[in-house]
Amino acid sequence: MSKTILTIDDSRTMRDMLMLALTDAGYRVVQAVDGVHGLEMLGAEKPDVIITDINMPRMDGFGVIESVRRDDKHRATPILVLTTESDAAKKERAREAGATGWIVKPFNPEKLVSAIRRVAA
């Protein structure tokens, strides 16, 4: 059975690119348009990996990571941050919140898929 990836990004273009890259690699993709929507999706889905942007309306990626980590059901779910940010302090903050990895946009689809395979193994 294919693994499910929850992508959380307010950019339609980025969601489309993720959908294409991940479905081509054989994943089932569930999409959310911001952090609040992402947490709502977690109620209905059991993703194997979560990919979240940092800068979003309603709830940013840090809020998403912290909320996911507080939930026993998803405490061990790998979370990859996909963002234009490359700031070391933000990376550290994401790691402290519980992020598994950090990928800078624009992403390379092969590298993204290989990162997912590593964390979802």
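Biologist: Where is the place of Thr77?

Modeller: This is a predicted model, and in it Thr77 belongs to the loop between H3 and S4.

Biologist: Is Thr77 buried or exposed?

Modeller: The reading rests on a cut-off: a residue is buried when its relative accessible area is under 20%. The value for Thr77 is 8%, so Thr77 is buried.

Biologist: Which residues does Thr77 touch?

Modeller: Residues up to four places away in sequence are set aside. What remains for Thr77 is Pro47, Asp48, Val49, Ile50, Arg69 and Thr100.

Biologist: How do the elements of the chain run from the N terminus on?

Modeller: The order is β-α-β-α-β-α-β-α-β-α, with five helices and five strands in the chain. The radius of gyration is 13 Å, close to the 14 Å that the globule rule gives for 121 residues, so the chain is as compact as a globular protein of that length. Along the principal axes, the C-alpha atoms fill a box of roughly 30 × 30 × 25 Å.

Biologist: How much of the chain is buried, and what share of the contacts joins residues 24 or more positions apart?

Modeller: Of the 121 residues, 48% are buried. Among contacts with a separation of 6 or more, 60% are between residues 24 or more positions apart.

Biologist: How far apart are the mean positions of the positive and negative charges?

Modeller: For the 18 positive and 18 negative charges of the chain, these mean positions are 3 Å apart.

Biologist: Which residues cover the two faces of S4?

Modeller: One takes each side of a strand in turn. On one side of S4 are Ile79, Val81 and Thr83, on the other Leu80 and Leu82, and all are buried. The strand, residues 79-83, is thus described as mostly covered, with five of its five residues buried.

Biologist: In which sense do S3 and S4 pair?

Modeller: Their pairing is parallel and extends over three bridges. As one instance, Ile51 has Leu80 in S4 as its bridge partner.

Biologist: Where does Ile54 lie, and is it buried or exposed?

Modeller: Ile54 is in the loop between strand S3 (49-52) and helix H3 (61-70). Its relative accessibility is 1%, so Ile54 counts as buried. Beyond its neighbours within four places in sequence, Ile54 is in contact with Asp60, Gly61, Phe62, Val81, Leu82, Thr83 and Trp102. Val81, Leu82 and Thr83 are among the buried residues of S4 described above. Sequence and spatial separation may also be read side by side: Ile54 and Ala115 are 61 residues apart in sequence, and their C-alpha atoms are 18 Å apart in space.

Biologist: What is the phi of Arg58, and is Arg58 buried or exposed?

Modeller: Here one looks at the backbone and then at the accessibility. Arg58 is not a glycine, yet its phi is positive, about 70°. Like Ile54, Arg58 is in the loop between S3 and H3. With 59% relative accessibility, however, Arg58 counts as exposed.

Biologist: Which residues does a cis peptide bond join?

Modeller: The omega angle is the value to consult. The cis bond joins Lys105 and Pro106, with an omega of about -5°. Pro106 is situated in the loop between strand S5 (101-104) and helix H5 (109-120).

Conventions
Residues numbered from 1 in each chain as written. Predicted model: local features only at pLDDT ≥ 70, side-chain atom pairs only at ≥ 80, totals over all residues. Heavy atoms only, no water. Helix = DSSP H or I, 4+ residues; strand = E, 2+ residues; numbered from the N terminus. Rg over C-alpha atoms; globule rule 2.2 N^0.38 Å. Buried < 20%, exposed > 50% of the residue type's maximum accessible area, 1.4 Å probe, protein only. Contact = heavy atoms within 4.5 Å. Lys, Arg positive; Asp, Glu negative; His and termini not counted. Charge placed at Lys NZ, Arg CZ, Asp CG, Glu CD. Pairing = 2+ DSSP bridges.
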